[in-house]
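Subject: Handing over a structure

Hello,

Here is the structure I promised to pass on to you. Please have a look at it first, and then read on for what turned up.

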Amino acid sequence: MKRYYIETYGCSLSEYDSQVMKHALDSAGYTRVDDPGEADVLIINTCAVRLDTEYRMVDRIKQLRTHGKKLIVAGCLARARPGLVKRVAPEASMLSPQNAHRVLEAVESSGSVVLLTGSRRTDFIPPSPVKDRVATIMIEEGCLNNCSFCISKLARRELKSFQPRLIVEAVSRLVSRGVREIRFTGLDTAAYGRDLPGKPTLADLVSMVLEKVEGDYRIRIGMMTPELAMEILDDLLDAYSDERVYKFFHIPVQSGDDEVLRIMNRRYTVDEFKWIHRRVKARYPESMFATDIIVGHPGEDEQAFNNTVKLVRELEFERVHLAQYSMRPHTRAAAMKQVPDPVKKERSSLLMKVIEEIGLRKHEAYIGRRVKALVTERSFRGWSMTGRLDNYFPIVLPYREDLMGSWAIVDIVDASFFDLRGRLVEAVV
Ligand code: SF4
């Protein structure tokens, strides 16, 4: 048995786990194929974040079963919903995210194996997934909170941070391969290091990487929970002053209403969140402040929803990831009185209009400016490419292969609520 097929769903942590599995299988002499029909073993690395995602995963597992091959269900669904996976595919092996490195045991066993316990191995970092000139490094897994709506907590419970030394080495390897953007990802990057000896913080990690790895690259720091970001904010803002850190802050507020935040079991108030936003904007006025909002969480009445809309209008976030609350099993919010679906839908479309209006206004303010952008990504069909400004605003440019990985001087000629459109003035080598 030498050929495997793998498909991945979910976030960058899930992509990381797939990378761990690919690394283990490739090192053992297996060949990856793109067609499940040609493989000896099929691996589906799943996500469980929402109910509709779960339905999709179940459908896909059923489809993969029809190939009659050895099947491994890995990832968050296997860890958080093993009973469901067992019902859908009784013969499948199951692998939690933390056991991704043990994929060979599942692949080579004669029967099905269930590897759902045990901790994340943090003594090595496999080669990072690289797309175009962008790579992702998982700096930590796990989160110290217990939000009422979150199922990721069930799948990636324990805080495990990678040693700064390993992350420095990984960044150094990527930069020497020509990678220009390195994304530090985790379930809560602000929790980084609290489980390590000496408790290095995220700010310490970033400073260490910047000091030890020379080169013209950019770091993009992933999601931080407000209460932990607050604790390290001064040092973090200092670390951001290096030009190699994108002025991009992803700090989810989830609701603009204190009572809903309390029900969600979030550990900050709206005023505290505003304080963070004020501090960030005072230091980096043009930064991109991205946030996540859930509408229709149990306990959200009309007034609470209006408070969220008010907060969005007041803080004018550059980016908002908006989601309708989705009930997940084994979470506290699942046992609460639910907001009806039509109400969730209506609130979601109302808030989306506000978000788009603000996004468009923010982006349109850039039209007419001449900027410098780092070009790091191709578009889906290869018709255009995307560069990033210092604040991580995306700017779409007509495709030109030689621009990939370069700096470009660009005139901003148009904008949407989501991105900027540019005309190339010159490439900077
Ligand atoms: S951590 Fe969350 S988003 Fe990422 S794969 Fe798991 S359930 Fe999906």
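**A sheet and a ligand shell**

In strand 14, Phe248 has Met288 as its bridge partner. Please keep in mind that this is a predicted model.

Strand 14 covers residues 288–295 and is joined to strand 13 by 3 bridges, with the two running parallel. On to the next pairing: 6 bridges link strand 14 and strand 15, again in the parallel sense. Here Val295 finds its bridge partner in strand 15, namely Gln324. Between these two strands the chain passes through helix 12 (residues 302–315), and this β-α-β crossover is right-handed.

Taken together, the 3 strands make an open sheet with parallel pairing, in the order 13-14-15. Why is one side of strand 13 and of strand 15 left without a neighbour in the sheet? Strand 13 (248–250) and strand 15 (319–324) stand at the edges and each has a single partner strand, so there is no neighbour on one side. On average, neighbouring strands of this sheet are turned by 15° against each other, direction ignored.

Another helix belongs in this picture. Helix 13 (residues 341–364) lies across strand 14 and strand 15, and its direction is at about 170° to strand 15.

Now to the ligand. Around the ligand you will find Gly10, Cys11, Ser14, Cys47, Ala48, Val49, Cys76, Ser152 and Arg156. Sorted by class, this shell holds 5 nonpolar, 3 polar and 1 charged residues.

Definitions and conventions:
Residues numbered from 1 in each chain as written. Predicted model: local features only at pLDDT ≥ 70, side-chain atom pairs only at ≥ 80, totals over all residues. Heavy atoms only, no water. Pairing = 2+ DSSP bridges. Helix = DSSP H or I, 4+ residues; strand = E, 2+ residues; numbered from the N terminus. Axes fitted to C-alpha atoms, helices over the stretch in contact; angles between N-to-C directions. Contact = heavy atoms within 4.5 Å. Right-handed = clockwise from strand over helix to strand, strands pointing away. Near = heavy atom within 4 Å. Nonpolar A, V, L, I, M, F, W, Y, C, P; charged D, E, K, R; others polar.
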